[in-house]
Amino acid sequence: MENKKTKKKPKIVKKPFLTGTPVDGATFKGALTFFGGTLLIVLAYLLLSSMMLWDSLLLRIVTNGLVMAAVYALFFVSGMSKGATAVNSGEIMYQRRAEGKTVDSGDLKACYHPLKGFVTGLLGSLPALLCAVVLAVIAQQQLYGLSALPSWLEPYTRRSDIGNALAYYSVMDPMSLESVLRLIVRAMMMPLVSIVGTSDSAALLILERLSPLVALIPALCHGVGYIRGVQARTQVHSSIAAANRKYKRREKKKRQQRRAQGPEQLN
C-alpha cells in the first residue's frame, strides 16, 4: 500500500493592527482621484463601446460585458491596494503603541476602517450619482421626430404656398436639462446602452431609471476591494513566514550535511 503524502495547509499569519475612522485627512483627495478615474473610464467607454455596436445581440453582450468586467475589476484592485496600505499603517501604529510611543491622531485616523473604501468611492461617485438620480426622476421616453429635410425640397421652403408647411423641419428643440443629463448618464453607462441599442426607446428609459444603481457599482467594487485589503495583507505575512521557514529548513539541512561530511573527511 502506497503512502500518500498529504500537503500541509499553509500557516496563516496575522498581525494585529489599529483601526482608524471612516473619514480622514486623505478622504477628499482620494475621492477626487476616484472621480478622475471615473472620467477616464467614461472616455474609454466612448472609445471602446462605440466600436462594439454589433448587429448580433450575443456579441454585444459578450464584448461590452467584458469591458464592464475589466473596469469594475480595476476599481476592485485599486480598493484592495488602498486597503492593504491602510492595514499596514494600522500595524505600524499598533507596534508603536505597544512600544509605549505616542500615536498621532491623524496617523490613527488614516488606518484601516471597513467603511473607508465605501465612503471614498461614494464621494467620488457623487457627481455621477446626482446626475443619474435627477435623470431617473425626470426622464421620459424619447419619441422619434422628423428626419432632415431632403435637399430637393429646399427650394420649396421659399414658396409662400408650401413654405409654412415645411418650416417645421427647421425648428430645433432647445437643449434641455434632461438632454444634458442624458448625455452624461449614457456616457457613464455606454456599454449597457450599446447592449440595449439606441433604437429601443422603452428599454433605454428603463435603463435611465436604473442609472443610479449603475452609478454606484464602481463605489461598491472599490469598497469591497478595500475590505479585501485585510486578507491581502495577511497573505503577505503568510508568504513571508513561509519563505522564512523554508530558508531555515534549507539552512538546517546544509548544516546537517556539513556535520555528516566532517568525520568522513577526517578518515
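**Ground rules.** I noted that this is a predicted model, in which local features need pLDDT of at least 70 and side-chain atom pairs count only at pLDDT 80 or more, while totals for chains, interfaces and linings use all residues. Residues are numbered from 1 along each chain as its sequence is written, and side-chain values use heavy atoms, with hydrogens and water left out.

**Overall layout.** I found 10 helices and 0 strands in the protein, taking helices (H or I, at least four residues) and strands (E, at least two) as DSSP runs numbered from the N terminus. Buried residues make up 32% of the 267 residues. I also looked up the contacts, meaning heavy atoms within 4.5 Å, and among those with a separation of 6 or more, 79% join residues 24 or more positions apart. The protein exposes about 18,100 Å², of which carbon and sulfur atoms supply 64%; such areas come from the Shrake-Rupley method with a 1.4 Å probe, and for residues only the protein chains shown count as cover.

**Salt bridges.** I took a salt bridge to be a side-chain nitrogen of Lys or Arg within 4 Å of a carboxyl oxygen of Asp or Glu, and the structure holds 6 of them. One of these joins Lys116 to Asp24, with the closest N and O atoms 2.8 Å apart. This pair links distant parts of the chain, since Lys116 is in helix α4 and Asp24 is in the segment before α1 (27–49), 92 residues apart. I recorded both Lys116 and Asp24 as buried.

The Glu91 I began with forms a salt bridge with Arg233, at 3.1 Å between the closest N and O atoms. Here too distant parts of the chain are linked, with Arg233 in helix α10 (residues 229–266) and Glu91 in helix α2 (residues 57–98), 142 residues apart.

I then turned to Glu178 and Arg182, whose side chains meet in a salt bridge of 2.7 Å, N to O. Both lie in helix α6 (residues 177–188), 4 residues apart, or about one turn of the helix, and both Glu178 and Arg182 are buried. A network of salt bridges links Glu178 and Arg182 with Arg186 and Glu208.

**How do α4 and α9 pack?** I found helix α4 (residues 116–138) and α9 at an angle of about 175 degrees, with their axes 7 Å apart; the axes are lines fitted to C-alpha atoms, for helices over the stretch in contact, and angles run from 0 to 180 degrees between N-to-C directions. The two helices α4 and α9 are therefore roughly antiparallel to each other, a label for angles over 145 degrees. The residues of α4 that meet α9 include Lys116, Leu122 and Ala136, while those on the α9 side include Ser211, Leu216 and Ile227.

**A nonpolar patch.** I looked up a nonpolar surface patch of about 450 Å², made by Leu122, Ile206, Leu210, Leu213 and Leu216. Patches are made of residues with over 30% relative accessible area and no salt bridge, with like charges joined within 9 Å and nonpolar side chains (Val, Leu, Ile, Met, Phe, Trp, Tyr) within 5 Å. Leu210 sits in the loop between α8 (201–209) and α9 (211–227), and Leu210 counts as partly exposed because its relative accessibility is 43%.

**Two further residues.** Lys82 is in helix α2 and is partly exposed, with a relative accessible area of 34%. Leaving out residues up to four places away in sequence, Lys82 touches Gly30, His222 and Tyr226.

Leu115 is in the loop between α3 (105–109) and α4, and at 45% relative accessibility Leu115 counts as partly exposed. I noted 10.0 Å between the C-alpha atoms of Leu115 and Gly20, which are 95 residues apart along the chain.

Notes. Buried means under 20% relative accessible area, exposed over 50%, partly exposed in between (1.4 Å probe, protein chains only). Angles under 35 degrees count as roughly parallel, over 145 as roughly antiparallel, 65 to 115 as roughly perpendicular and the rest as oblique.
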